[in-house]
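Take a moment to look at the sequence and the model. Then follow the walk below, strand by strand and helix by helix.

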Amino acid sequence: MSVIIIAELSEKKIKKQSLEVISYGVALANQLGTDSIALVMGETVDNLSSLGKYGLKKVIHQQHTASMLSDNKLACRFIADVCTQEQAKVVVFSNSLLGKAVAPRLSVKLRAGLVTGAVKLPDTSNGFKVRKSVFSGKAFADVDILTPIKIISLNANAFEIIQQSDAVAEVVESSIEIGAGTLNIIETKKNEGNISLADADRVVSGGRGLKGPENWGMIEELAQALGAATACSRPVADSNWRPHHEHVGQTGVAISPNLYIAVGISGAIQHLAGVNRSKTIVVINSDPEAPFFKAADYGIVGDAFQVMPKIIEAVKNLG
Amino acid sequence: MKILVCISRTPDTTAKISFTNQNTTFNAEGVQWIINPYDEWYALVRAIELKEKDSTTIIHLINVGNNENEAIIRKALALGGDEAIRINSESNDPFFIAQQIAAVAKDGYDLVLTGKETIDHNGSSIGGMIAELLDANYISLATKLDIENGNAIVGREADGGEEKISAPFPLVVSCQKGMAEARIPNMRGIMAARTKPLKVAEAVQSESFTAVTGFDLPPAKAGVKLIPADTPELLVKLLREEAKAI
C-alpha cells in the first residue's frame with residue numbers, strides 16, 4: 001500500500017508546485033498510515049535523494065526525456081505499471097499541464113476515481129471526500145471517491161511546503177521500458193519573458209487603463225523587481241497589445257499566485273474568476289468604483305502613471 | 001473527416017453562484033444557461049472552420065444531460081453542427097460521462113473535440129478519459145488544430161511555451177483560447193437548426209467513480225485596505241510586513 005506522488009522537473013530542478021504535492025502526498029500517507037513514494041520522470045538529476053527532507057522515503061526515477069506531456073499514453077502506461085508494482089492506494093498529481101494530460105487517462109486505466117483541483121487533504125473519516133475548487137474559484141465541492149484506488153490532482157498554492165528533517169530518500173532507477181508512441185513533436189517553442197505564468201509566485205498584470213502597449217515598461221519593470229511574471233486582461237490580449245498566453249481570466253489562464261498586482265484592470269467577473277485564488281490581491285485603478293476593489297486586499301485609487309514609478313522605486317529599495 | 005464535438009451546458013459566466021438543500025444542490029434560480037464557452041468558442045467553432053475548408057467534413061454534437069439541455073444543443077446546431085445526439089442522463093461523474101461519449105465516438109469518428117474544461121466543475125478530465133477508453137492519443141489544452149496529409153497538426157501549451165505535434169487519427173483534443181474566433185449564429189443557421197436531427201439515446205451501463213456530496217462558498221474577503229495615492233510606498237511596506245507577500 002502506498003501513496004504515489006508524481007513530481008515534475010523543470011530546468012533540472014523539482015518544480016515548486018511539485019514540492020507542494022510532495023508535502024501533500026507525505027501528509028496524506030501519514031493520515032492513511034502508509035508509505036509515500038515520489039515518481040520523477042525526465043533527465044537525470046543528482047539531488048533527488050535530498051527530497052527525503054520533505055518526508056519521502058523513496059524516489060523512483062525514470063530516465064525518459066521525450067515529452068511525457070504530449071505522449072500521455074506512454075506516461076499513463078508507465079505510471080500505471082509503477083502503481084501496480086507499488087500497490088498504490090492513492091496517486092497524487094499537481095493540477096498542472098502534465099496532471100491534466102495524464103491523470104484522466106490513469107483514472108480509466110486503473111479504474112480509480114479522480115478529483116482534479118483539490119485544495120486540501122481529503123476527509124477520510126467517512127469515505128474519501130476531497131474538497132476541490134469549482135465554478136472557477138467561486139465555490140468548493142466535496143467529492144467522494146468511491147473506488148478502491150483514488151487519484152487526486154492538487155491546485156497550485158493550495159498546500160504549504162513542509163520540510164521535516166535532513167533525512168535522505170532512497171533513489172531507485174526504474175527498469176520499466178517506456179516504448180515509443182505514435183505522436184511526433186515537430187517543434188517546441190519557449191515563451192518570451194523569464195517566468196512562466198502558471199508557476200509564478202507573484203504576478204503583475206495590466207489592463208486597458210494603461211492606454212497602450214507602449215506603456216508596458218512599468219509593468220515589466222515592477223515584475224522584474226519583484227521576480228514576478230507579467231500578465232494582462234482579456235481586452236489587452238484581444239487588442240494584441242500583449243501575447244495571448246499572458247491573458248488571465250475565465251477564458252485565459254487561471255492562476256493562484258501568492259501576490260497578484262492588477263494595474264488598470266476594472267475587475268470584470270470573468271477576470272476575477274481567473275485570479276480569485278491568489279493569496280494577496282493588490283488593485284491600482286483610477287476609478288474608485290472599479291469592481292476589482294471589492295475583491296482586493298490592498299488598493300490604491302490613483303493614476304498608475306504617477307503611482308507605479310514610486311512603487312517600483314520602493315521595491316528596488318527593499319534590498 | 002468525421003468530428004464529434006462534446007457540448008456541455010453551464011451557467012453563464014456572470015451567474016451568481018449559490019446552493020440550496022443544505023448546500024447539496026446548485027441554485028439554478030434566475031440562472032442563464034449557456035454552452036460551456038470552451039466547448040463553443042474553441043472546439044465547435046474550430047470544427048466549423050475545418051468544415052469550411054473541407055466541405056466533406058461531418059460535425060456531430062454530443063451532450064450528456066436531461067431535456068433542459070436541448071436549447072443549448074439547438075444553438076450549437078445553429079452555429080454549424082450537422083446533427084446532435086443527447087444521452088439522457090443527469091450524472092455528473094466524469095467517468096460515467098466519458099463512457100457515454102466513448103460509446104458513441106468509437107463508431108467511426110476520426111476526431112473528438114472537447115473544451116479544456118467546463119466552467120462549473122473545472123474538471124478538465126473528460127477528454128483524457130475518452131482517449132483512454134478509445135485507446136487513442138490525447139492532446140490536451142490545444143491552441144491550434146489543422147489537418148495536413150491525413151494527420152492532425154496540433155499546437156498545444158507546454159511548460160513555459162508551446163509544442164507543435166503531428167498526430168494520426170483517431171485523436172482526442174481538448175481546446176482552449178487561440179484555437180478559433182468566437183462567432184454568433186446567423187438567422188439562416190438558426191432556421192436550419194430547427195430541422196437538423198437531434199437524437200436522444202439512453203445511457204449505456206456504466207459505473208460511477210465519484211459522487212459530489214456537497215458545496216461550500218469561500219469565506220468573504222475582509223475588505224480592501226486603501227492606501228493614499230500620494231504614499232504608494234506604504235503599499236510596499238504593508239506587502240512586506242503585514243501580508244508577507246514580498
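Begin with strand E1 (residues 2–7) of chain A, which pairs with E6(A) in the parallel sense over four bridges. Helices (H or I, at least four residues) and strands (E, at least two) are DSSP runs, numbered from the N terminus. Two strands pair if DSSP finds at least two bridges between them. Ile4(A) has Val91(A) in E6(A) as its bridge partner. On to the next pairing: E6(A) and strand E10 (residues 150–154) of chain A are joined by five bridges, again in the parallel sense. Here Phe93(A) has Ser153(A) in E10(A) as its bridge partner. Strands of a sheet pair through backbone hydrogen bonds, either parallel or antiparallel.

How many of the seven residues of E6(A) are buried? Six are, and this strand, residues 88–94, is mostly covered. Buried means under 20% relative accessible area, exposed over 50%, and partly exposed in between (1.4 Å probe, protein chains only).

A word on the model. It is predicted: local features need pLDDT of at least 70, side-chain atom pairs count only at pLDDT 80 or more, and totals for chains, interfaces and linings use all residues. Residues are numbered from 1 along each chain as its sequence is written, chains are lettered from A and ligands numbered from 1 in the order in which they are written, and side-chain values use heavy atoms, with hydrogens and water left out.

Now turn to a sheet that draws on both chains. Six strands form an open sheet in the order E14(A)-E13(A)-E15(A)-E16(A)-E17(A)-E15(B), with parallel pairing. Strand E14 (229–232) of chain A and strand E15 (225–226) of chain B stand at the edges; each has a single partner strand, so one side of each is left without a neighbour in the sheet. Within the sheet, strand E16 (residues 280–285) and strand E17 (residues 298–301) of chain A pair over four bridges. Asn285(A) has Val301(A) in E17(A) as its bridge partner.

Helices pack on this sheet. Helix H4 (residues 217–226) of chain A touches strand E13 (202–206), E14 and strand E15 (259–263) of chain A. Its direction makes about 175° with that of E13(A). Helix H6 (residues 233–241) of chain B touches E15, E16 and E17 of chain A together with E15 of chain B. Axes are lines fitted to C-alpha atoms, for helices over the stretch in contact, and angles run from 0 to 180 degrees between N-to-C directions.

Helices also meet each other. The axes of helix H7 (residues 304–316) of chain A and H6(B) come within 8 Å and cross at roughly 45°. That makes H7(A) oblique to H6(B). Angles under 35 degrees count as roughly parallel, over 145 as roughly antiparallel, 65 to 115 as roughly perpendicular and the rest as oblique. From H7(A), Lys310(A), Ile311(A), Ala314(A) and Val315(A) make the contact; from H6(B), Glu233(B), Leu235(B) and Val236(B) do. Contact means heavy atoms within 4.5 Å.

H7(A) also packs with H4(A), at about 20° and with the axes 10 Å apart. H4(A) is therefore roughly parallel to H7(A). Residues that meet here include Leu222(A) in H4(A) and Ile311(A) in H7(A).

Finish in chain B, which has six helices and 15 strands. Of its 246 residues, 54% count as buried. Ser125(B) lies in the loop between strand E8 (111–115) and helix H4 (126–134) of chain B. Why does Ser125(B) count as buried? Because its relative accessibility is 5%. Leaving aside neighbours within four places in sequence, Ser125(B) is in contact with Pro104(A), Leu114(A) and Pro94(B).
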